[in-house]
Amino acid sequence: MRDSSKRFSPPGPLGFGGAPLGNMFNRVNEETAEGALLAAWDSGIRYFDTAPMYGCGLSEHRFGRVLRRFERDAYVLSTKVGRLLLPDPRAPENLGPFLGVLPFRVQYDYSAEGARRSIEDSLQRLGVGRIDVAYIHDVAEDHHGPGWKEVFATAMKGAARELTRMREEGLIRAWGLGVNRVEACQKALEESDPDVFLLAGRYSLLDLTALDTLFPACAARGVKVVVGGPYNSGLLAGGSTFEYAEAPPEQVAARDRVAAVCQRHGVDIKAAALQFCAAHPVVASVIPGAKSGERVRQNVELMRQSIPGAFWRELKQEGLLPAHAPTPGN
């Protein structure tokens, strides 16, 4: 097991999530995508996360075209393994939430050979010589159903061991899981030696699943967490979706209660959402997605806004946050 003092930690508190630049839900033209990435750079963001799945390589191509302009050691770049992109001129133009994707067919592959090929392919799409963090992508129940533990076992015997070798070779600097479920991360801690997790949607003002489960285990092992989905896919940012579907009534009611406290204290709920996620000691970075430079700059400003301590105290008094949840300033 690696010395916890030598584990890798992405820079924070704010990073750039790359799914929107894979045309997630909406098409983004090249100029807008470039503007979003340059706005992030100009705003001081130095952690960039992408994946082959995002637009079948489109997000990685866009990241590479911009990030290659800068000194490689000046930023942290993460991508993912677990899916290979196979050329196919008859591949569908849309794939799940991604529109206008590149002409590739996606194939799950959590083997050692698949992990190495995935990293090598990503290096070529990005045009760089190393990946800082490689996440094993979506190796959890929400993508693989009741048999997910068998898929997970394959990933631990294959991809995880190969990523450990690549870490020793210097092809990557760190590895972990990129998932939407805490159970997979907990099993990875038990069975392997990850450095960092990218966990989406399980630590937010509306979902505290990770607080008393995964986070204490990470703290004990010196493993950091990158928080994705801080707005729970839109419900905390003025939208009506939770987990990329129409929000259930109980989640809307919870959001409305938080919003009422925000209104009483003059706090933007989006600022509260971002800053709450970043306040936990195991959280290295928060990576909301952004399709435009304007949205990037908004996120940067939201992370910097001053929020009174009385606001956090009232959330706890109202039972909207547990008393032991870390909040900014405590």
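Where does histidine 280 lie? Histidine 280 sits in the loop between helix H9 (269–279) and strand S12 (283–287). Welcome to a predicted model, in which local features need pLDDT of at least 70, side-chain atom pairs count only at pLDDT 80 or more, and totals for chains, interfaces and linings use all residues. Residues are numbered from 1 along each chain as its sequence is written, and side-chain values use heavy atoms, leaving out hydrogens and water.

**Histidine 280**
- With a relative accessible area of 11%, histidine 280 is buried (buried means under 20%, with a 1.4 Å probe and protein chains only).
- Leaving aside residues up to four places away in sequence, histidine 280 touches Tyr203, Leu211, Phe215 and Pro326 (contact means heavy atoms within 4.5 Å).

**Helices H6 and H7**
- Helices are DSSP runs of H or I with at least four residues, and strands are E runs of at least two, numbered from the N terminus.
- Helix H6 (residues 182–191) packs against helix H7 (residues 214–221) at an angle of about 25°, and their axes are 10 Å apart (axes are lines fitted to C-alpha atoms over the stretch in contact, and angles run from 0 to 180 degrees between N-to-C directions).
- H6 and H7 are therefore roughly parallel to each other (angles under 35 degrees).
- Val182, Cys185, Gln186 and Leu189 of H6 meet Leu214, Ala217, Cys218 and Arg221 of H7.

**Strands S8 and S9**
- Strand S8 (residues 196–200) and S9 run parallel, joined by 5 bridges (strands pair if DSSP finds at least two bridges between them).
- Valine 196 has lysine 224 as its bridge partner in S9.
- In strand S9 (residues 224–228), 4 of the 5 residues are buried, so S9 is largely enclosed by the rest of the structure.

Conventions
Angles under 35 degrees count as roughly parallel, over 145 as roughly antiparallel, 65 to 115 as roughly perpendicular and the rest as oblique. Buried means under 20% relative accessible area, exposed over 50%, partly exposed in between (1.4 Å probe, protein chains only).
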